[in-house]
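Try each task before reading its solution.

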Amino acid sequence: MTIGLTTEISPAGAADLVLAARALGQGRLVAFPTETVYGLGADATNADAIARLYQAKGRPAFNPLISHVADLAAAAKIGRFDAPALALAKAFWPGPLTLVLPKTSGCAVAELATAGLDTIAIRIPSHGVARTILAAFGKPVVAPSANISGHVSPTTAQHVESDLAGRIDLIVDGGPVDVGVESTIVGCFGEPMLLRPGGLPREEIERVLGRALLRPPAEMESDSAQPLAPGMLSSHYAPHTRVRLNATDVGPNEALLAFGPPLKEAERAAAVMNLSRIGDLNEAATNLFGYLRALDARMAQTIAVMPIPNHGLGEAINDRLRRAAVERE
Ligand code: TXA
Ligand code: MG
């Protein structure tokens, strides 16, 4: 692909989804909604298409991709399920959970998508548009979040357009997403391990497993080495404006990302958006990336973020905010 092609934006009618599946078969890059965030899809068995996908996102090729499939039978062709993995798949698929499993020997997914690892990340999304495209295509689809690498993930087709227009072939507009943060990633290649908090709360996963999830060892979270742990490049999900966490006050040059009852000084902030006035973490997750983008556009000196409780979806929200707050050059 040459950067500078025309990106078509289509509605999500039945005929449009058939065309989207056909475009994937032709090696094209197609963005579509999932329940978590918009994904940028490519045929997982087509190394050329995957190479173009990495290029379009500006993503380092050592960071592997999630293979999306329509059902458990398709998942079992590419990943080996142990008992905990099967229990999680049965409890939570389709839905905002990704499992990292040992690859099967006959796995048809291109090496480039798994960055040379002997494990593979797999997910069955629940969004109707994603499911229809996957069923019509009939093969695994790799789909990272449809944003420029390191930028805030897209929760609307317009976000995708503003990051990737001219770099991808098609955007299927299925309206705003529901969950708003990426899938939770659990490694099942040994004791189940939480690789990325996300749209499925840790508590629900631990309830099904009957035990606590392990944390990945510190070296898996490093920036330099191959990040075995996903989404772990520390400056990730980043707006351009500096982000200040756990704000209990706000200055006149700052934009405020509030949660719950706003601060007293909120009127003097340069801009205010409230993730959830009633303190609902699910609502806050849905709003998070869109509000970060909107406040970023205000060109304030800082985005001050009020404290967010760390349970339920709060763990994923705080993870993304910490990454957004990492100092960049
Ligand atoms: O909700 C989601 O998961 C979205 C939607 C589109 O499905 N996708 C998404 O993909 O967030 P992406 O590429 O932005 O994040 C996937 C993460 C990456 O950080 C990558 O490091 C990790 O999954 N990953 C992929 N394969 C892996 C593997 N074999 N072992 C460990 N981590 C892996
Ligand atoms: Mg991403």
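**Exercise 1: a loop residue**

Task: Decide whether Met299 is buried or exposed.

Solution: The model is a predicted one. Met299 has a relative accessible area of 71%. The cut-off for exposed is over 50%, so Met299 is exposed. Next, find its place: Met299 sits in the loop between helix 9 and strand 14. Finally, look at the backbone: phi of Met299 is near 55°, a positive value in a residue other than glycine.

**Exercise 2: another positive phi**

Task: Work out whether Asn246 counts as buried or exposed.

Solution: Start with the loop between strand 11 (242-244) and strand 12, where Asn246 is found. Its relative accessibility is 54%; because exposed means over 50%, Asn246 counts as exposed. Asn246 is not a glycine, yet its phi is positive, at about 50°.

**Exercise 3: the span of a helix**

Task: Check what span helix 9 (residues 281-296) should have at 1.5 Å a residue.

Solution: Now follow the helix along: at Leu288 helix 9 bends by about 45°.

**Exercise 4: the partners of helix 9**

Task: Find which elements the buried residues of helix 9 pack against.

Solution: First pick out the buried residues, among them Leu281, Leu288 and Phe289. Then list partners of the buried residues of helix 9, including helix 7 (157-164), strand 13 (271-274) and helix 10 (314-324).

Note on methods. Residues are numbered from 1 along each chain as its sequence is written. Chains are lettered from A and ligands numbered from 1 in the order in which they are written. This is a predicted model: local features need pLDDT of at least 70, side-chain atom pairs count only at pLDDT 80 or more; totals for chains, interfaces and linings use all residues. Side-chain values use heavy atoms; hydrogens and water are left out. Helices (H or I, at least four residues) and strands (E, at least two) are DSSP runs, numbered from the N terminus. The expected span of a helix is 1.5 Å times one less than its number of residues. The bend at a residue is the angle between axes fitted to the seven residues ending there and the seven starting there. Buried means under 20% relative accessible area, exposed over 50%, partly exposed in between (1.4 Å probe, protein chains only). Contact means heavy atoms within 4.5 Å.
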